[in-house]
Amino acid sequence: MALTMDTLVSLCKRRGFIFQSSEIYGGIASSWDYGPLGVELKNKIKRVWWRDVVQQRADMVGLDASILMHPSVWKASGHVDHFTDPMVDCRDCRRRFRADKLEETPWEHYCPERKDNRFSIPAGAPCPHCGAPRSRCPECGKGELTPPRQFNLMFKTFMGPVEEDAALTYLRPETAQGIFVNFENVLQSMRRKLPFGIAQIGKAFRNEITPGNFIFRTHEFEQMEIEYFVNPHETVDGRPADEHWHERWIHDLLAWYQRYGIRAEHLRLREHERDELAHYAKRTADIEYEFPIGWSELAGIANRTDFDLKQHAKWSGKSLTYFDEERKEHVVPYVIEPSAGVDRALLAFMVDAYREEEVRGDKRVVLRLHPELAPVTVAVLPLLKKREAIVRVAHAIRDDLSRRWTASYDDTAAIGRLYRRQDEVGTPYCVTVDVQTVGDPDKGEAGDGRVTIRDRDSMEQIRVPVPELVSVISELMAGAEWARVAPRFASESPKP
Ligand code: ATP
């Protein structure tokens, strides 16, 4: 059965991933708070992205620009004039819709040929009874829609104590512009040669007309963006450098999602049609994911040409060029922009990891998250919470493991239930401390100093000496397969 958004929303709330914002006040539309497990997952997504695209690449550096910028930035970038969506209002129920998305949503229709009959009609289709195309409000089905008006998506705010036009500024609607305005600073301070890129992770804000679908479209979200600067006069393998690097980044970003567990068949590339391209773009390709709401954008990779640097040079009066030593000329670099949403990535990773399995007649819900993304890497579970020696050893192990990984301790239920809970939040490894580990002085039995590691995916268990625990988990976290590690401990381990 396909995972629905409702099932995911309920798991996220129940298990501390994501809560409705300001819930005790009745909530606020389309704002979500990341709970204890959600923030771990989100931080880990950002951490592996930063490691893979900044730290491990010699041609990349990072940046963290401010959210509030000089208002001229948004005039130069075109956001004040062009960052708009066409909006229509229902004259009856007053709801608002994005005119360009209306054809993609089902609509309610009061058919004149079938009295008292209200029909829900699939997106894009006419009424099967009277043949009328959509002309009324998709929600109430009655009200006429106003002609489309352009609505600017930027949130306005004022800097300083006086709310006057001179103090007007905006919450950034994308992180990209913070990179463009720092192009010269980075070029000079880091002595970069083309091609090179600047990456940034940060919040962006858009006053979306129709937010929704959980964390898919919100007013406040996070982006992981790269601006990759190339010399437009160079060629690579016979192609203009910008086209070569555009292809490369599309390939690298697709591979990145797959590396952390998204199945290839749930990803696809969608080229923007000519009439859909932003005014500055030479080519844009979206990476789409098959979300529970259907195929939708996960990330976009645009060739923004030299538009942004030229615009900022014009508005600021500063030269934003690169001196090409070889050709002895100043050039304005072209820019390839891989832009990914953190929240949409998190949604996609969770959806793709979600499985409902049958284990010995019982349903098991398991998030098969990549071990590096799982909110809890290792859960340490005492088999008997009243046995002081067991609890002491379990706490000591958790403390030790938590210096390297996110480790948790849980003794609030019987072991079977604890395993199920950890499966449901995607914990790849559980470590169990039992009587055999610490021994039983009343019976004169010495402990064997071994603990059980349970693998989430195979549910197999091995018994490992406590001093070897860190090295075994390190091996597994570095990518060693369970099936290769487990046989080393087979003689001491429970039979499956
Ligand atoms: P859409 O067509 O879905 O509105 P977009 O093309 O406007 O998205 P971009 O401007 O290309 O989006 O932003 C880059 C990325 O930022 C998107 O691929 C998406 O992952 C993320 N993103 C954009 N808008 C939102 C939003 N309102 N909520 C959550 N993530 C968003």
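Does Asp64 count as buried or as exposed, and at what relative accessibility? At 66% relative accessibility, Asp64 counts as exposed, where exposed means over 50% relative accessible area, buried under 20% and partly exposed in between (1.4 Å probe, protein chains only).

The structure is a predicted model, in which local features need pLDDT of at least 70 and side-chain atom pairs count only at pLDDT 80 or more, while totals for chains, interfaces and linings use all residues. Residues are numbered from 1 along each chain as its sequence is written, and side-chain values use heavy atoms, with hydrogens and water left out.

**View 1. Overview of the protein.** The secondary structure comprises 14 helices and 29 strands; helices (H or I, at least four residues) and strands (E, at least two) are DSSP runs numbered from the N terminus. The C-alpha trace spans about 85 × 75 × 55 Å along its principal axes. Of the 496 residues, 49% are buried. The protein exposes about 24500 Å², of which carbon and sulfur atoms supply 49%; accessible areas come from the Shrake-Rupley method with a 1.4 Å probe, and for residues only the protein chains shown count as cover. Among contacts (heavy atoms within 4.5 Å) between residues at least 6 apart in sequence, 64% join residues at least 24 apart.

**View 2. The loop holding Asp64.** Asp64 lies in the loop between β3 (60-63) and α3 (71-76). Apart from its neighbours within four places in sequence, Asp64 is in contact with Gln200 and Ile201. The C-alpha atoms of Asp64 and Ile201 are separated by 7.1 Å, although these residues are 137 residues apart along the chain.

**View 3. The shell around the ligand.** Around the ligand are 14 residues, of which Glu208, Arg217, Thr218, Glu297 and Leu298 come nearest; a residue is near a molecule if one of its heavy atoms lies within 4 Å of it. β12 (220-230), β17 (294-305) and β20 (334-341) each supply at least two residues of this shell, and the largest share, four residues, comes from β17. The shell divides into four nonpolar, five polar and five charged residues; Ala, Val, Leu, Ile, Met, Phe, Trp, Tyr, Cys and Pro count as nonpolar, Asp, Glu, Lys and Arg as charged, and the others, Gly among them, as polar.

**View 4. Polar atoms at the ligand.** A nitrogen atom of the ligand is 2.9 Å from a polar backbone atom of Thr218. An oxygen atom of the ligand is 2.6 Å from an N or O atom in the side chain of Glu297, and for the side chain of Gln223 the corresponding distance from a ligand oxygen atom is 3.3 Å. Taken alone the ligand exposes 590 Å², and the protein buries 83% of that.

**View 5. The surroundings of His266.** The loop between α7 (241-259) and β15 (267-271) contains His266, which is buried with a relative accessible area of 17%. The side chains of His266 and Asp352 are joined by a polar contact of 2.8 Å; such a contact is a pair of N or O atoms within 3.5 Å, where within protein one must be able to donate a hydrogen and the other to accept it, and residues adjacent in sequence count only if both atoms are side-chain atoms. Leaving aside neighbours within four places in sequence, His266 is in contact with Glu288, Tyr289, Glu290, Trp295 and Asp352.

**View 6. Strand β23 and its partner.** Both faces of β23 are covered, with Val378, Val380 and Pro382 buried on one side and Ala379 and Leu381 on the other. Three bridges join β23 to β24 (residues 407-409), and the two run parallel; strands pair if DSSP finds at least two bridges between them. Tyr409 in β24 is the bridge partner of Val380.
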